[in-house]
Amino acid sequence: MNDRTLKKLRQDLERRKAEIEGDVSYMAGEFRAIGVDQDDENGGLGNHMADDGANVAEAERIETVSEDLQQILKLVNSALQRMDDGTYGLCQRCGKPIPVERLEAVPYVEYDIACQSQIEREQALYAGA
């Protein structure tokens, strides 16, 4: 991979990192806004059970999205670290180069297509067991 491509991929990763951090911050604000994290002094979430149920459902949605964003942020940070270490673009399982096209599509990808497929098959087997 040439320096120009690597530089562009780093910029993509850094931009994505900033976006994710902004999204996580926004989600935290949304979580606070629905009142789920009120203290005991304030009592229940709302004045009506249906409002409470909707707030809990929304809180669960926000929490799920936030967890997904945190996982992607972890992958982005890991990819940036691999760039610093000089191992970026190599499959973390077999060590073979990951095609540039794959890195351009998903710059934080850790595995080449063959290894990713194998990992997914193994996960499916364990999930079905």
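Glu19 and Arg15 both sit in helix H1, four residues apart, or about one turn of the helix. Salt bridges with shared partners tie Lys8, Asp12, Arg15, Arg16 and Glu19 into one network. The model is predicted: local features need pLDDT of at least 70, side-chain atom pairs count only at pLDDT 80 or more, and totals for chains, interfaces and linings use all residues. Residues are numbered from 1 along each chain as its sequence is written, and side-chain values use heavy atoms, without hydrogens and water.

**Overall build**
- The chain has four helices and zero strands. Helices (H or I, at least four residues) and strands (E, at least two) are DSSP runs, numbered from the N terminus.
- Read from the N terminus, the order of elements is α-α-α-α.
- Helix H1 covers residues 3-33 and includes Thr5.
- Helix H2 covers residues 49-85, and Glu60 is found there.
- Of the 129 residues in the chain, 24% are buried (under 20% relative accessible area; exposed is over 50%, partly exposed in between; 1.4 Å probe, protein chains only).
- The chain has an accessible surface of about 8700 Å² (Shrake-Rupley method, 1.4 Å probe). Carbon and sulfur atoms hold 50% of that surface.

- Thr5 is a buried residue, and its relative accessible area is 19%.
- Leaving out residues up to four places away in sequence, Thr5 touches Val100 and Glu104.

- Glu19 pairs with Arg15 in a salt bridge, with the closest N and O atoms 3.5 Å apart.
- Both partners are partly exposed: Glu19 has a relative accessible area of 35%, and Arg15 has 47% relative accessibility.
- Lys8 forms a salt bridge with Asp12, where the closest N and O atoms are 3.0 Å apart.
- Lys8 and Asp12 also lie in helix H1, four residues apart, about one turn of the helix.
- The two ends of this bridge fall into separate classes of cover. Lys8 counts as partly exposed, with 44% relative accessibility, whereas Asp12 is buried at a relative accessible area of 13%.

**Salt bridges: Arg10 and Glu14**
- Arg10 is bridged to Glu14, and the closest N and O atoms lie 3.8 Å apart.
- These two residues are separated by about one helical turn because they stand four residues apart in helix H1.
- Arg10 is partly exposed, with a relative accessible area of 26%.
- Glu14 is partly exposed as well, with a relative accessible area of 40%.

**Negative patch**
- Glu60, Glu63, Glu67 and Asp68 form a negative surface patch.
- Patch residues have over 30% relative accessible area and no salt bridge; like charges are joined within 9 Å, and nonpolar side chains (Val, Leu, Ile, Met, Phe, Trp, Tyr) within 5 Å.
- Asp and Glu count as negative.

Notes:
Salt bridge = Lys/Arg side-chain N within 4 Å of Asp/Glu carboxyl O. Charge placed at Lys NZ, Arg CZ, Asp CG, Glu CD. Contact = heavy atoms within 4.5 Å.
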